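Here is a short tour for someone meeting this structure for the first time. Have a look at the chain, then read on.

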Amino acid sequence: QVQLVESGGGSVQAGGSLRLSCAASGYTASSKCMGWFRQAPGKEREGIAAISTTGTYTRYADSVKGRFTIAQDNAKNTVTLQMNSLKPEDTAVYFCALRTGRWCSVPSFAQYDYNFWGQGTQVTVSS
C-alpha cells in the first residue's frame, strides 16, 4: 500500500522559513512523478512545485518562484519543499503528490497526473 507522509508544517511569521518533507513508501517503481500542491481556505487546490523523474527539471507557480525550492532524494523516496520568505498568502494546507510507474520528463501541475496524495500539513504564516 502506497503511503505519503508529510511533515514540517507549522506556524511562522512573515519572512520566515519552513521545510516540508514527504516520505513515500509501499511502491517499487523506479519511475515516478512528484509534486507539491496547496489549498487555502475557500480556494481550489493548486500546484506550486513539481519535479521531473530525474530531478533535472523543476516547475514552480509564479506565486512561489524564487522563494520555494523542491528537491527529491530517490534513494530515500523523499521529496522536500524549502519555503523561504513566507508570506501570509502562503497560508494553506500543503499536500505532496505521487504518480508511480510513469516517467515524467516535464513536471506537471495537473492533479489527474497523480494517483497518490498525502494527508496534508498545515502551514500558517502570520503578518
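## Starting at Gln 111

Gln 111 sits in the loop between S9 and strand S10 (116-117). (Strands here are DSSP runs of E with at least two residues, helices are runs of H or I with at least four residues, and both are numbered from the N terminus.) This is a predicted model, where local features need pLDDT of at least 70, side-chain atom pairs count only at pLDDT 80 or more, and totals for chains, interfaces and linings use all residues. Residues are numbered from 1 along each chain as its sequence is written, and side-chain values use heavy atoms, with hydrogens and water left out.

What does Gln 111 touch, leaving aside its neighbours within four places in sequence? Its contacts are Phe 37, Arg 45 and Trp 117, where contact means heavy atoms within 4.5 Å. In sequence, Gln 111 and Arg 45 are 66 residues apart, but their C-alpha atoms are 8.9 Å apart in space. Gln 111 counts as partly exposed because its relative accessible area is 30%; the scale calls a residue buried under 20%, exposed over 50% and partly exposed in between, using a 1.4 Å probe and protein chains only.

## Rings and a charge

Two of those contacts turn up again in a ring cluster: ring pairs link Phe 37, Tyr 114 and Trp 117. For a pair, the rings of Phe, Tyr or Trp (its six-membered ring) must have centres within 6.5 Å; planes under 30 degrees apart are stacked, over 60 edge-to-face, and the rest tilted. The structure holds three aromatic pairs. One of them is Tyr 114 with Trp 117, edge-to-face at 6.1 Å centre to centre and 65° between the planes. Tyr 114 is buried, at 6% relative accessible area, whereas Trp 117 is partly exposed, at 26%.

## A four-stranded sheet

Now for an open sheet of four strands, in the order S1-S3-S8-S7, with antiparallel pairing. Two strands pair if DSSP finds at least two bridges between them. The edges are strand S1 (3-7) and S7, each pairing on one side only.

Six bridges join S3 to S8, and Leu 18 has Met 83 in S8 as its bridge partner. S7 and S8 are also joined by six bridges, with Asp 73 opposite Thr 78 in S8. Their hairpin has four residues between the strands, and Asn 77 takes a positive phi near 55° there.

## The core

Which residues have the most contacts inside the largest nonpolar core? They are Trp 36, Ile 48, Phe 68, Ile 70, Leu 81, Met 83 and Tyr 94, in a core of 36 residues. Elements giving two or more residues to this core include strand S3 (18-25), strand S7 (68-73), strand S8 (78-83) and strand S9 (92-100). The largest share, five residues, comes from S9. (A nonpolar core is a set of buried Ala, Val, Leu, Ile, Met, Phe, Trp, Tyr and Cys residues joined through side-chain atoms within 4.5 Å.)

Not counting residues up to four places away in sequence, Tyr 94 touches a list that includes Leu 20, Ile 48, Phe 68, Leu 81 and Met 83.
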